Amino acid sequence: MSTENEGTAVPPAPSAPPVPVESPAASTRPAAPTAPIPSVPAGAPDHEPARSAPAYASAGSPGAHPQGGGSAPDASWPPPPPATPSYGDAGGSGVGSYADGGSGGSGSGWGAGFPPPAPKPRSRRGGLVAAILTAALVAGGLGGGLGYTLARNNDSGDSTTVSASDSGGTVKRDAGTIAGVADKALPSTVTIQAESSSGEGGTGTGFVFDKEGHIVTNNHVVAEAVDGGKLTATFPDGKKYDAEVVGHAAGYDVAVIKLESAPSNLKPLTLGDSDKVAVGDSTIAIGAPFGLSNTVTTGIISAKNRPVASSDGTGSNASYMSALQTDASINPGNSGGPLLDAQGNVIGINSAIQSTSNGGLGGTSQSGSIGLGFAIPINQAKYVAQQLIKTGKPVYAKIGASVSLEDTTGGAKITEQGASGSEAVEAGGPAAKAGLKPGDVITKLDDRVIDSGPTLIGEIWTHQPGDKVKITYERDGQTRTVDLTLGSRVGDN
């Protein structure tokens, strides 16, 4: 998948009461009246920070893949920039509508009614009733007077008004509630301002990864500040810190920054296990949509293993992910923020959305959420972040073969020629050792169905170098399987 980030009126009442009939028993009651109720595929996911200068555009439709027949880059690295790159970091808006219908009430209709009751004979009981009522009124008066006297005797001031208590008691929120999770997680999230050397930049989000001051976010949030730019990270309490980029991985769309003069009381967010996430699980997203810092939204996991290819439209390398899909509201500025489970564990990094590109808050060019957001699974992001902190460079798993990025559902086809005239199957690489050849169409990686080149790349990058996988492929109309040990490539270039 490619993305960029009222009822009917009641009749009038009759002008005169109905005329009695001679025999009530013979009369019938009429019915009441009734009322009718990757190169990045065209349309890559939006995944950019909310911008203070011209924002990334966003466009895309699910299932689109990079165009271009013939050859494509190695499956361990994304293709060249898209022909028409466009995307944002979370983007589109949908409008819902509703109607409510009315219904008639019960009771007699507007037709003939019941006759008036016959008058009852007078009796002496009326006087007795009157006497009882009089006694009740006297007692009521005594009670009222007595109550007023007691209130006045106990009032130290001139007023007789008794005020209600102005204390509602202490509000306690359990740790498992959304409010409880947000209360615990918000102090460990930051709003990131990235500015290039030319002064352009935008807003994104990040979260505390360790006590040393490392913050995890998206690559596209900090990309403009990598070469001579400026980064700041602001906590919900207003404290702001300068920061520097420790390492960034364009393909994974993950980056790590470090706070300068980091405080000693940092509380890293607890990392969950994205492999154990199930469709329907509750999600909580924290970020700065359109610059509105410390915003919390909720939803569910609406799909898993969603193949997403995206680019920031600047000509940089594309990113691929086998994403967690959520309907929690995600917009430009949410990028890099944590996607939490119901217990407050980080299960993903919000990175991209599918959008309608109809314009966003205040009529800007950025689109808003339509309930299709995508997050990098935290198991993958954790591995990448650790590598960046350790060496400053990303490490990618690879099969050592170039695959076509054409829009197809038939699988990932190994091209006849690799990128820049290189061999489609790397000599001595994992694919060559496994016996794969140009023209082979890979249809499965382990149990995961592969429907295109970008899907294959995203799935490979959920693994680590050295992992053994089973490749299912088709050659000359026959289906074959082979075991393959993934190789590695260091760096984005």
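Let's start with Gly392: just after helix H4, this glycine takes a positive phi of about 80 degrees. Keep in mind that we're looking at a predicted model.

Now step back into H4 itself, which runs over residues 378–391. With 14 residues, H4 reaches 20 Å from its first C-alpha to its last, close to the 20 Å expected at 1.5 Å a residue. Which residues of H4 are buried? Quite a list: Ile378, Gln380, Ala381, Tyr383, Val384, Ala385, Gln387 and Leu388.

So what does the sheet look like? Six strands close into a barrel, in the order E8-E9-E10-E13-E12-E11, with antiparallel pairing. On average, neighbouring strands here are turned by 50 degrees against each other, direction ignored. Take E8, residues 282–287, and E11, residues 338–340: these two pair in the antiparallel sense over two bridges. There, Ile284 stands opposite Leu340 in E11.

Back to our helix. H4 packs on the sheet, touching E12 and E13, and its direction makes about 55 degrees with that of E13. Helix H6, residues 453–460, packs on the sheet as well, touching E9 and E10, at about 85 degrees to the direction of E10.

Finally, a word on confidence. The chain averages a pLDDT of 74, and 61% of the residues score at least 70.

How values were computed: Residues are numbered from 1 along each chain as its sequence is written. This is a predicted model: local features need pLDDT of at least 70, side-chain atom pairs count only at pLDDT 80 or more; totals for chains, interfaces and linings use all residues. Side-chain values use heavy atoms; hydrogens and water are left out. pLDDT is the predictor's confidence in each residue, from 0 to 100. Helices (H or I, at least four residues) and strands (E, at least two) are DSSP runs, numbered from the N terminus. The expected span of a helix is 1.5 Å times one less than its number of residues. Buried means under 20% relative accessible area, exposed over 50%, partly exposed in between (1.4 Å probe, protein chains only). Two strands pair if DSSP finds at least two bridges between them. Axes are lines fitted to C-alpha atoms, for helices over the stretch in contact, and angles run from 0 to 180 degrees between N-to-C directions. Contact means heavy atoms within 4.5 Å.
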